[in-house]
Every structure is written in structure tokens, then in C-alpha cells.
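User: I would like to learn how to read salt bridges in a structural model. Could you take me through some cases?

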Amino acid sequence: MAAAAAAGVGAGLGATDAFAGAAAARTTAIDDVPADVMALVLRCLDGASLAAVGCVCSNLRRLAADPATWRELCLAMWPSLNDIPSSSYYTIAGGVHYRALFADAFPFPATFSTPPPPPAASSSSSPAGCNHPLLPERLVSAVDLHHGGALIMSRIVETDATSDWFLGSPFRVDALVQEAFSSPTPAIAAADLSLSWILIDPSTGRALNASSRRPVAVDRKWLTGDTVARFAVVLAGVALEAAVTCDERRGHVREVSLCVEDGDGGGVSGRDGLVAVAAAMAGARCGGGRGAEAAARVRYEEFVAGKKARKEWKARREGMVDLCCSGVGAAAFVGFLVMLTLR
């Protein structure tokens, strides 16, 4: 009886080993998946995941570097890029290097305590009327505005950065000025807006994310009834601030613009703004996910708090100066009266 049981157990173990061997034989490795199938799978990933997959092995790195995949991903994220001629920037072998564009434009620029040096460039990229040889001659802005996930504005804005008017005036790029259009939704809410503003330097092929994507602040102008949603990215001592002005009652978007503000709340000139933008384009990048959007909001709140603290300190200093001047004037007046009395 025991011998029969042992024989049964042995037969069962043998069957189990045979099943395991058959299962192992049927296991499919990732390298066994056809390349065209893997390419379709990779096209379903977002940019960060696609870049991570490319670090797994050489085969996946080759598939993840497919230009068509990166092109579809970038055009889906930034529809305005469809309006940029491929010969204007990122031209490599007659095409656009969308993978390099994503690597530059998707993450947020890192914040430095001191401005990093601008990128090296040839003297041919020196703006007319400007002694700085490293500033862009032209800026291309790819602007995409969404409301509740629906695209309501997509356009390309080219800015001549060589004119004396631009270099001497406060840095400002307008994507929409008094062209009020309605959102596809019945009513527009500033909190539901998302804005992508990509700055591109055609001469160097570098790009910069100039918007926090989600609003970092929403201000209401009670006098006009307008609402301003602000999308800001803090750099070294300055902030790139994109503003969307809309009328929530009528569902109109009236203005979409980008400015540069310093730590005291004043406007930065076009020349200084170009220096900050060029340095940020050549600098490091931080994350670009939802955590990065929250971090961008925190940096902007710290920037605003620092600006408020400096304004209060200046007000106190001016108050002390005024008090001292008043004291000196009063003392002089009293001295004058004493002199008259002694006479």
C-alpha cells in the first residue's frame, strides 16, 4: 500500500515537473514580440514613460527612439506645432527632432539662486542693436489653451527680438489681444483652464516651458468683471508669467500674453528677459509631472511672498526716511524760531 502511494506521489511529481517545463517552454520573452506590435504599444505611452522604456535594453531603445512616435506624441500634446514649418527649427536630416523638443519643453526649468551662463552661440545669432552675442534673434511661441480638457485656442506667435522697441520695452509677447472668442462649453471658468506656452529659439534649436500648465493664481477684477488666470514659472530672480484674461459671465477669452516680472514686482526689459530665457534654455530641467506642477505653484507662492516682503521693507524704510526728514525739518524750524527770539 505504501509502495503504491509512493509510486503515485512520484508520478504526480513527475507530471508537475512536466507541466512546469511545458509552461516554461510556452513563456514568451519581450524580445519575441514582433517589432511592429511593440511600436504600437509604445505609441500608447506618455513621453516620460516612453523615455524610461528606452533605457531598458538596446531593442527597446531603438523602438523608443522612433521619430514618428515622438512626432505623434508632441503633436498630441502641443497641437500648435502643426503650424510651424519643419525648416524653422529642430531641423535634422530634413525633419523635426521631436524627441529633443520634448526633452526641452516638457519638464519645468530648474530654479537657480544665481543665473546660469547663457548658452554658447556663434556671433551670427547676435541681435541687431544688442552687444550681447548670445541672445536669440527670434522667439517662436507655441501656445495651446484648453478649457475642461477641450482645446479652445492653438496658435504660433513669432517675435522679432532684434528691434530696439522690443529690447528697450518691458518683455511681453501677445498670443491674443482683444479677439474675444467663446469657449465650446456654455460657461468658462478660469480654474478649469490649462495653458501650454513653449518658447523656441530657432537659431539654437532649444526650447523652454514658460507656463505652469495649471493656474498658480486666479485674480478677479471687480471693476471690469474680468478674471485673470496666471500661469507662472520662476527662474533665477524673475518669473515668466503667462496671463489669460477672460469674462466668465459671457464665456469669452480676451487676452493671452506672456511677461517677465522681477522680484520687486516690476517689469523686466526685453533685453534682460531674453538673457533669462536664454540661460534657462541652456540650464537644467526638473520634473514635468503633476508633482512638478504643484512644485511650480509653491515656487510662485514663495516668489510672491518674497516680493511682498520686499515691498513692506521698502515701505518701512521710506517711512523711516520720511520721519527723519520731518524730524530734521522740525529741528531746523525750532532752531530758526529760537534765533528769532534771541534777537
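Analyst: Side chains of opposite charge can pair when their charged atoms come close. In this predicted model, R254 forms a salt bridge with D226, and their closest N and O atoms lie 3.0 Å apart. The pair links distant parts of the chain, since R254 sits in strand β11 (residues 252–262) and D226 in strand β9 (residues 226–234), 28 residues apart.

User: Is D226 buried or exposed, and what is the relative accessible area of R254?

Analyst: D226 counts as buried because its relative accessibility of 9% falls under the 20% cut-off, whereas R254, with a relative accessible area of 23%, is partly exposed.

User: How many salt bridges does the structure hold, and which residue forms a salt bridge with R206?

Analyst: The structure holds 9 salt bridges. Among them is the one between R206 and D104, whose closest N and O atoms are 2.8 Å apart. This pair, too, links distant parts of the chain, with R206 in strand β7 (residues 206–209) and D104 in helix α6 (residues 98–105), 102 residues apart. D104 is buried at a relative accessible area of 10%, while R206 is partly exposed at 28%.

User: Which residues are linked with D104 in a network of salt bridges?

Analyst: D104 is linked with R206 and R285 in such a network.

User: What is the distance between the closest N and O atoms of D174 and R172?

Analyst: D174 and R172 form a salt bridge in which those atoms are 2.9 Å apart. D174 is partly exposed at 32% relative accessibility, and R172 is partly exposed as well, with a relative accessible area of 37%.

Notes:
Residues numbered from 1 in each chain as written. Predicted model: local features only at pLDDT ≥ 70, side-chain atom pairs only at ≥ 80, totals over all residues. Heavy atoms only, no water. Salt bridge = Lys/Arg side-chain N within 4 Å of Asp/Glu carboxyl O. Helix = DSSP H or I, 4+ residues; strand = E, 2+ residues; numbered from the N terminus. Buried < 20%, exposed > 50% of the residue type's maximum accessible area, 1.4 Å probe, protein only.
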